[in-house]
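Let's walk through this one together, a piece at a time. Keep the viewer open and follow along as we go.

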Amino acid sequence: MTAILTPAIHFNKVNFYSDDNHILKNITGSFYEGTITTLVGPSGAGKTTLLKLCNGLLSPDSGEIYIKDKKISSFAPVELRRLVGIALQSAPMINGDVLQNIGLPLTLQGKNLAEKAAKDLLKDVGLSEEFLHRNVRDLSGGQRQKVSIARTLVNHPRILLLDEITSALDRVSQKEIEELIVKINEKYGVTIVWITHNLQQAKEIGTYSWVMMEGEVIEAGKSELLNAPVNEKVIQFVKGELE
């Protein structure tokens, strides 16, 4: 019996322009609830722009985006950011300790993150509570990324957007972050959309994959498609002939 897939995010003929450049072209498709979808494609394909549309950092010029059957334009920005979290490659931090950084989303709302809750979040991302009062300047790249993810989890998002979050990490740290994201997906049922340049990672971690080129979704489906793509451009990309 085939499971019924429910869209967490749905695009209907979405277009986005920057000045005179047509960045995203007629994007239609869904990221499904409780799954991990990886976005791959050459640089300049529009992947990051697509991600920013998903939590309202950018707005489409035409077409509609739905978050759980509700138009994205109908959400208040704060409500949308709580529902749809984002973690970036750079894992930006404010000056201070880990507790201040994890609690930042609540601080911006005039609230405080209790130390017990912060310790639980650290545990969720594989860091011991001894990190709580450590200055973020003393963290490794992998540790900073874990703190960034913990901060994103403060609002208990139902959707998590990831933009190249392991590309600057060593192999051991990369593997730890991969395992962490899979755990978050399985434990909390969080829908994950992950931009990665690592095709092996996309195949191993993704339930589904979208291949984007020049602002279009060229091929989409189960991540196994990356082993045997049909589209000639995707075949070239997988072989490393397109950058």
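This is a predicted model: local features need pLDDT of at least 70, side-chain atom pairs count only at pLDDT 80 or more; totals for chains, interfaces and linings use all residues.

Lys 47, Thr 49, Leu 50, Leu 51, Leu 53 and Cys 54 are the buried residues to look at in α1.

Is Leu 50 buried or exposed? Its relative accessible area is 1%, and anything under 20% counts as buried, so Leu 50 is buried. What does Leu 50 touch, once residues up to four places away in sequence are set aside? The list is Phe 11, Leu 24, Ile 27, Phe 31, Leu 39, Trp 210 and Met 212.

Four strands make an open sheet, ordered β2-β1-β4-β5, with antiparallel pairing. The edges belong to β2 and β5 (70-71), each of which has a single partner strand, so one side of each has no neighbour in the sheet. And where does α1 come in? This helix packs on the sheet, touching β1, β2 and β4, and its direction makes about 60° with that of β2. As a reminder of what holds such an arrangement together, strands of a sheet pair through backbone hydrogen bonds, either parallel or antiparallel.

Take the pairings one by one. Strand β1 covers residues 7-18 and β2 covers residues 21-32; the two run antiparallel and are joined by eight bridges. Along that pairing, Val 14 has Ile 27 of β2 as its bridge partner, and Ile 9 stands opposite Phe 31, also in β2. Both Ile 27 and Phe 31 are among the residues that Leu 50 touches. The hairpin of β1 and β2 has two residues between the strands, and there Asp 19 takes a positive phi near 55°.

On to the next neighbour: β1 is joined by five bridges to β4 (residues 62-67), again antiparallel. Here Asn 12 has Glu 64 of β4 as its bridge partner. Further along the sheet, two bridges join β4 to β5, and these strands run antiparallel. Tyr 66 is the residue that stands opposite Lys 71 in β5.

Last stop, a pair of helices. The axes of α6 (residues 141-153) and α7 (residues 171-188) come within 10 Å and cross at roughly 15°. An angle under 35 degrees counts as roughly parallel, so that's how α6 and α7 lie to each other. The crossing of α6 past α7 is right-handed. Which residues meet there? From α6 come Gly 142, Gln 145, Lys 146, Ile 149 and Leu 153, and from α7 come Ser 173, Glu 176, Ile 177, Leu 180, Ile 181 and Ile 184. Sorted by class, this contact has six nonpolar, three polar and two charged residues. For the spacing along a helix, remember that an α-helix has 3.6 residues a turn, so residues three or four places apart point the same way.

Conventions. Residues are numbered from 1 along each chain as its sequence is written. Side-chain values use heavy atoms; hydrogens and water are left out. Two strands pair if DSSP finds at least two bridges between them. Axes are lines fitted to C-alpha atoms, for helices over the stretch in contact, and angles run from 0 to 180 degrees between N-to-C directions. Angles under 35 degrees count as roughly parallel, over 145 as roughly antiparallel, 65 to 115 as roughly perpendicular and the rest as oblique. A crossing is left-handed if the near helix is turned anticlockwise from the far one by less than a right angle, and right-handed if clockwise. Contact means heavy atoms within 4.5 Å. Ala, Val, Leu, Ile, Met, Phe, Trp, Tyr, Cys and Pro count as nonpolar, Asp, Glu, Lys and Arg as charged, and the others, Gly among them, as polar. Buried means under 20% relative accessible area, exposed over 50%, partly exposed in between (1.4 Å probe, protein chains only).
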